[in-house]
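Welcome! Take a moment to look over the sequence and the model before reading on.

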Amino acid sequence: MKMSLPYHLGCTVWSLTEWKGSFFSDDARPDRFLSQYSSVFNSVEGNTTFYYTPDPETISKWGEQTPKGFKFCFKFPKSLTHERQLQNVENDAVHFVKLFEPIREKTGPFMIQLPDSFGPQDLYKLENVFSVLPKSFSYAVEVRHRDFFDHGKHERNLTSLLKSYDVDRVIFDTRKLHSVKATESSIAEAQKKKPKVPVRFDTTGARPLLRYVGTNDILNNEPYLKEWAIIVAEWIDEGLHPYVFIHAPNKVDQPKLCRHFHKLLSQLIEVPALPDWPANKQDKQLGLF
């Protein structure tokens, strides 16, 4: 795709079989999913690394399958963030990040997602990790402990720490998800798994990172996506470079929600149009014959 967008936009996955024929082309093979995905969107949440660490060969293939300007936002392994709670993980954290040195130009902020049990008393562990992480990469932290949303000393301490290391605070917006009655199994499941935390609109670094989780349809998400389009437009005008990831509980509808968000943003600022979906390109080619 044209990589001149002033922000990065993407889904939570790049490989979904259910996208064949709607987003992917009908004949797309799994080994072509990433290249087709990255022909439309210029970023993706790297959730796979939360569960396992890829080998160097796999990392190189990801780099080869994506165009210049594409950015992976990989998550730190849960073994470091959730199981060990960042206790004495400095060496392992550095080792993990350096695995991606061969595709460094294609990494966006690494996401350090912390569990709700990680509270203000653990903040020193986060600083210990920051102090050793390579500065050639960027990072974003997602907190879920309620004390980090107190508008008081705990939140100020977190904000001060993040700003001192130019680390962004992940903004996780689940307001819409938790405001609806679950009439679909995917929404009910998401409501069980996704935290209900307050939303913050301020930034701590140069790359604000938004994770928006709503419903599977455009209509119900419209007010929230409009609000975020206004905020993202302001961030861009301020010279920041946002990362926006739109979740749909069923995952299938994520591309259309991303496209709609981009449409809303294009009504506020001048941004290039997103390329056609691979499925649409295939339909146009078939129409020539």
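This is a predicted model: local features need pLDDT of at least 70, side-chain atom pairs count only at pLDDT 80 or more; totals for chains, interfaces and linings use all residues.

Residues are numbered from 1 along each chain as its sequence is written, and side-chain values use heavy atoms, with hydrogens and water left out.

Q: Is valine 89 buried or exposed?
A: Valine 89 sits in the loop between helix H4 (78-83) and helix H5 (90-98); helices (H or I, at least four residues) and strands (E, at least two) are DSSP runs, numbered from the N terminus. Buried means under 20% relative accessible area, exposed over 50%, and partly exposed in between (1.4 Å probe, protein chains only). With a relative accessible area of 0%, valine 89 is buried.

Q: Which residues is valine 89 in contact with, leaving aside its neighbours within four places in sequence?
A: Contact means heavy atoms within 4.5 Å. Leaving aside those neighbours, the partners of valine 89 are Leu80, Arg84 and Val129.

Q: What is the relative accessible area of histidine 262?
A: Histidine 262 belongs to helix H10 (residues 254-266). Not counting residues up to four places away in sequence, histidine 262 touches Leu5, Tyr7, Leu9, Val271, Pro272, Ala273 and Leu274. Histidine 262 is buried, and its relative accessible area is 5%.

Q: How many Å separate the C-alpha atoms of proline 249 and glycine 214?
A: Proline 249 is in the loop between strand E8 (243-247) and H10, and counts as buried at 16% relative accessibility. Residues that proline 249 touches include Gly214, Thr215 and Asn216. Proline 249 and glycine 214 are 35 residues apart along the chain, and their C-alpha atoms are separated by 7.3 Å.

Q: Does alanine 273 count as buried or exposed?
A: Alanine 273 lies in the loop between H10 and helix H11 (278-286). At 65% relative accessibility, alanine 273 counts as exposed.
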